[in-house]
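This report goes through a single chain fold one part at a time, from strand pairing to side-chain contacts. Please look over the sequence and the structure first.

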Amino acid sequence: RGQLGTLVIIKGTNLLGFGKSLVDATLLGVPAKIRKSNSSYVELAAGEYSTSGSGSIVLTSLNGAKVTSSSSAWTYIVPGAITSVSPNEGQVGTEVTISGTNLY
């Protein structure tokens, strides 16, 4: 699970669908950046998605073969939003309270 920029590592076999390389990858239908790939290891960076939801991961190889995960293999989480920081100044050792929504 993650959000924009989350590093996603996939390990398995025949991840390139017997092709030579990947040409496309999606997480919940959202394009992901392919960082590294071989037949047993794929590294992706999650693309932007504005809401939460779960879905499959689809890898498409140069030969057109698709490798698809289970229907709930990836979950996007809503990015956090900070609404307040208190106090707004201090010195080393000052306890700070950060409030907001979706702060995981």
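Strand 1 and strand 5 (residues 41-45) run antiparallel and are joined by 5 bridges. Within this pairing, K11 has Y41 in strand 5 as its bridge partner. The model described here is a predicted one.

The pair belongs to an open sheet of 3 strands, ordered 1-5-4, with antiparallel pairing. Strand 1 (7-11) and strand 4 (33-38) are the edge strands, each pairing on one side only. From one strand to the next, the twist averages 10°.

The next topic is the nonpolar core. The largest nonpolar core has 16 residues, and the members that touch the most others are I10, L27, V42, L44, L59 and W74.

Which residues does I10 contact, leaving aside its neighbours within four places in sequence? The residues in contact with I10 are L15, S40, Y41, V42, L44, I57 and L59. Among them, V42, L44 and L59 are also listed with I10 as core residues that touch the most other members.

T60 lies in strand 7. Is T60 buried or exposed? T60 has a relative accessibility of 8% and therefore counts as buried, since the cut-off for buried is under 20%. Its side chain is joined to that of K66 by a polar contact of 3.2 Å. Not counting residues up to four places away in sequence, T60 touches S21, L22, V23, D24, A65 and K66.

The last topic is the aromatic rings. A pair of aromatic rings is described by two values, the distance of the centres and the angle of the planes. The count of aromatic pairs comes to 2. In the pair of W74 and Y76, the ring centres are 5.4 Å apart and the planes stand at 90°, so this pair is edge-to-face. The cut-off for edge-to-face is over 60 degrees. Both W74 and Y76 are buried. Ring pairs also bring in Y49, which forms a cluster with W74 and Y76. W74 is also one of the core residues that touch the most other members.

Conventions: Residues are numbered from 1 along each chain as its sequence is written. This is a predicted model: local features need pLDDT of at least 70, side-chain atom pairs count only at pLDDT 80 or more; totals for chains, interfaces and linings use all residues. Side-chain values use heavy atoms; hydrogens and water are left out. Two strands pair if DSSP finds at least two bridges between them. Helices (H or I, at least four residues) and strands (E, at least two) are DSSP runs, numbered from the N terminus. Axes are lines fitted to C-alpha atoms, for helices over the stretch in contact, and angles run from 0 to 180 degrees between N-to-C directions. A nonpolar core is a set of buried Ala, Val, Leu, Ile, Met, Phe, Trp, Tyr and Cys residues joined through side-chain atoms within 4.5 Å. Buried means under 20% relative accessible area, exposed over 50%, partly exposed in between (1.4 Å probe, protein chains only). Contact means heavy atoms within 4.5 Å. A polar contact is a pair of N or O atoms within 3.5 Å; within protein, one must be able to donate a hydrogen and the other to accept it, and residues adjacent in sequence count only if both atoms are side-chain atoms. Rings of Phe, Tyr and Trp (its six-membered ring) pair if their centres lie within 6.5 Å; planes under 30 degrees apart count as stacked, over 60 as edge-to-face and the rest as tilted.
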